[in-house]
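Subject: A structure for you to look at

Hello,

I am passing on a structure for you to look through, together with some notes that you can read with the model open beside you. Please take your time over them.

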Amino acid sequence: MTYGWAILVVLAAIAALAYFGVLSPDRFLPEKCTLPSGVACLDFTGASSQVELVIQNSAGFDMQNVSVYINSTITTGFPCTAAGDTTLTDGEKDTYTCTPTPVLPAGKFKGTLNIDYVNAQTTMSHTKAGELILKIP
C-alpha cells in the first residue's frame, strides 16, 4: 500500500511538470536554419509579423531569378522579398524579409524553407528545401 502511494505521488509530480511545460521538448530544441549544400543560411531572426534571413550563394555559379518562401502547417507558403535584386552571384549574400499571413503565434515555429533559382550557366531551374526552426516572442 505504501509503495502505491509513493508511485501515485511520483506520477502526480510528473503530470504537474508536463502540464506546466517543463517537460516540453520544444523548450529544448535549438533554433536553426539549415539548407542543402550550395546555399547557406548565415543568420535569421523572427517575430510574429516578420522573419528575416541572410542567405549566401556558395554553389560555385551565379543564381538568377532567386525566390525564397516558407511553408508550414500554420500558414501556406509565404514569400520573402530580397533587399537587393533577384540575382545572387557566386559568394554573394542577401537579406530576405518574409511576411507571414496570418501572423505567427508566439512559441516555436517550424517550417520548410524553399529556394527556387535558375543556374546562370545552364539556365536550368532548381529548388532547394531546408528547415527553419525559430522561437517567436
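A disulfide, in the sense used here, is a pair of cysteine sulfur atoms within 2.5 Å. Please keep in mind throughout that this is a predicted model.

With that definition in hand, Cys80 and Cys98 qualify as a disulfide, since their sulfur atoms lie 2.0 Å apart, and the link is right-handed, with 100° about the S-S bond. This pair connects distant parts of the chain, with Cys80 in strand 5 (residues 78–82) and Cys98 in strand 6 (residues 93–98), 18 residues apart. Are these two cysteines buried or exposed? Buried means under 20% relative accessible area, so Cys80, at 10%, counts as buried, and Cys98, at 0%, is buried as well.

The structure holds two disulfides, and the other one joins Cys33 to Cys41, with an S to S distance of 2.0 Å. Here the torsion about the S-S bond is about 105°, so this disulfide is right-handed, and both Cys33 and Cys41 are buried. If you number the bonded cysteines of the protein chain in sequence order, the pairing reads 1-2, 3-4.

Let me turn to the charged side chains. Side chains of opposite charge can pair when their charged atoms come close. How many salt bridges does a search of the whole structure find? The search finds two, and Glu131 takes part in a salt bridge with Lys32 (3.2 Å, N to O). That pair links distant parts of the chain, because Glu131 belongs to strand 8 (residues 125–136) while Lys32 belongs to strand 1 (residues 32–34), 99 residues apart. Glu131 also forms a salt bridge with Lys110, where the closest N and O atoms are 3.5 Å apart. Since Lys110 lies in strand 7 (residues 107–119) and Glu131 in strand 8, this second pair ties together parts that are 21 residues apart in sequence.

The protein chain has one helix and eight strands, and along the sequence they follow the pattern α-β-β-β-β-β-β-β-β. The radius of gyration is 21 Å, well over the 14 Å that the globule rule gives for 137 residues, so the chain is more spread out than a compact globule. Along its principal axes, the C-alpha trace spans about 75 × 30 × 20 Å.

Helix 1 (residues 2–19) has 18 residues and reaches 26 Å from its first C-alpha to its last, which is close to the 26 Å expected at 1.5 Å a residue. After helix 1 comes Gly21, whose phi is positive, near 85°.

Finally, a few totals: of the 137 residues of the protein chain, 29% count as buried, and the chain exposes about 8200 Å², of which carbon and sulfur atoms supply 60%. Among contacts with a separation of 6 or more, 60% come from residues 24 or more positions apart.

Notes. Residues are numbered from 1 along each chain as its sequence is written. This is a predicted model: local features need pLDDT of at least 70, side-chain atom pairs count only at pLDDT 80 or more; totals for chains, interfaces and linings use all residues. Side-chain values use heavy atoms; hydrogens and water are left out. Buried means under 20% relative accessible area, exposed over 50%, partly exposed in between (1.4 Å probe, protein chains only). Helices (H or I, at least four residues) and strands (E, at least two) are DSSP runs, numbered from the N terminus. A salt bridge is a side-chain nitrogen of Lys or Arg within 4 Å of a carboxyl oxygen of Asp or Glu. The expected span of a helix is 1.5 Å times one less than its number of residues. The radius of gyration is taken over C-alpha atoms; the globule rule is 2.2 Å times the number of residues to the power 0.38. Contact means heavy atoms within 4.5 Å. Accessible areas come from the Shrake-Rupley method with a 1.4 Å probe; for residues, only the protein chains shown count as cover.
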